[in-house]
Amino acid sequence: AGLEAEPGRGQKGTARKRLVMASEAVPGPSSPTPSSLDKKAKDLVNVILSPGQKQECGEQPGLAGPEKKDLAKETLRWHLEKLTQKGRVPASTSEAKEDVKSKLQRARLLESKIRAREAAKEEKKGLSHLQAAAWDSMPEAENSEKAPAYQRFHALAQDVPPGLTLPYKYRLLAEMFRSMETIVGMLFNRLETVTFAKVKQGVQDMMRKQFEKRNVGQIKTVYPTAYTFRQEKNIPTFSSGGLKRSDYQLTIEPVVGEGEKLSASRLLERQKVFSWNLVNIVKEHHKAFLASLNPPMVIPDDKLARWHPRFRVDEVPDIVPAELPQPPQVDKLTTAQEVLAKARTMLTPKMEKALANLALKTAEASPSMPETPSPAPPSPATTPSSLKGVSQSLLERVRAKEAQKLQALMTRNPLQEQRLNRLARLPEMARILRNVFVAEKKQALAMEVACQRMTESYRGLLMPGEMEKHLRLFSELLPDWVSILPIRTETYVKLDKSRDLNVIMERLTARAKEEEKL
């Protein structure tokens, strides 16, 4: 290396020196560096790679032919090394075109999918509007094919203890009968002729629901001895309903004793009979459901206290309406067939014979009506696939045990059901009762005070009278722990706090399980 003075400076200025490396001092043509590859070398590379440009640009002066080739090769080698060090090699023109084409196709495909989805949404909106319009235009009978949820699950939503509950449509029919009884009783007690038009208007005003002759036919099916129905005319009509005095009207007369009126007690009695008849109809469907089980179950009607847990009460079929008296047919010639039947009496025997032969020919030519296939008997219940491999005897024993439990549940007495509910609450109440006596620091408490403290501490809502029944049940089951002492005019509850509470709760739980098996 050597030091050289930088030219272009004045004498007054300080000489600036720079370090010159050996490779820079003696450049060699055989080992060119990137710094020596200036614009001329790059132009030469372009010229060599594209010979067609020689004619346009001409020969580059200052370098010979072999030197141009060596310099171009070195330049290409240096560029390739640099690109490989960076980890990327430029794609060829064909690959770039294919990539662009694939991206365009993908974009077009996405655009077509988006348009198809939007079109489907618009079509769905149009269909929903059409369905809504069609639903609004449908008659009420078609809308009632699938009942709403509050009707289909009416029995489950009742805030009453489980028992022989009626489906929604049967309860509605019972309410219609009650309203009809009110109107009929009022008109009958005033010695006024009861017609269907008057009853219909009164029932609809009371219930705010439609009341038709079909409902009257259902009432006749449930309680056939409640009314006597007739078709009568010459009944005064004081309303402008389009009825004339000469028209036939359906009259309703309650079946009561001679000279008897429909009093309030009589109305209540008839309503009880009607409700009991409705329950008997549901019992028939329930009996058919029990017969279809595997194994089948048979429960007497007088011992049935609740429906089977899997029996769908609200899916019981409607009551078939009974036939009501129809107005007598008046001979009015309104069709050609009636005219021919009337004129047949005026025909000659030959014409009658010709008409009979023609009727026979048409009857033979007409195809016979196909016989309606009889409904297939219900297939027996098959074993589900999840129970394949299980022995049949074990399945029968399990099913028999389950049927026995369900039968005991359906025939359980309501009083026994109340006792079981109280027994289920006793373990929790035992802890609360002991805490009350510990907090009061007394050996005995008045019954009213104990019931009040228990009612305030229990998580459920119970009246003091119901809480007293629980305390008396404690003294019945555990007389060594709780005792009730009547002293003069007061009743006191005494508790033995030295007893182990866990043992007490175990005894109560075991007693509840024993009584559930009964």
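Author: Welcome! This is a predicted model, where local features need pLDDT of at least 70, side-chain atom pairs count only at pLDDT 80 or more, and totals for chains, interfaces and linings use all residues. Residues are numbered from 1 along each chain as its sequence is written, and side-chain values use heavy atoms, leaving out hydrogens and water.

Lysine 517 lies in helix α18; helices are DSSP runs (H or I, at least four residues) numbered from the N terminus. With 72% relative accessibility, lysine 517 counts as exposed (over 50%; buried is under 20%, partly exposed in between, with a 1.4 Å probe and protein chains only).

Together with Lys401, Lys405 and Lys513, Lys517 forms a positive surface patch. Patch residues have over 30% relative accessible area and no salt bridge, and like charges are joined within 9 Å; Lys and Arg count as positive. Two elements, α14 (392–410) and α18 (501–517), each give two or more residues to this patch.

Helix α14 also holds glutamate 402, which forms a salt bridge with arginine 310, the closest N and O atoms being 3.5 Å apart. Such a bridge needs a side-chain nitrogen of Lys or Arg within 4 Å of a carboxyl oxygen of Asp or Glu. Arginine 310 sits in the loop between α11 (264–291) and α12 (336–343), so the pair ties together parts 92 residues apart in sequence. Glutamate 402 is partly exposed, at 38% relative accessibility.

Technical notes. Patches are made of residues with over 30% relative accessible area and no salt bridge: like charges are joined within 9 Å, nonpolar side chains (Val, Leu, Ile, Met, Phe, Trp, Tyr) within 5 Å. Accessible areas come from the Shrake-Rupley method with a 1.4 Å probe; for residues, only the protein chains shown count as cover. The place of a charge is taken as NZ of Lys, CZ of Arg, CG of Asp or CD of Glu.
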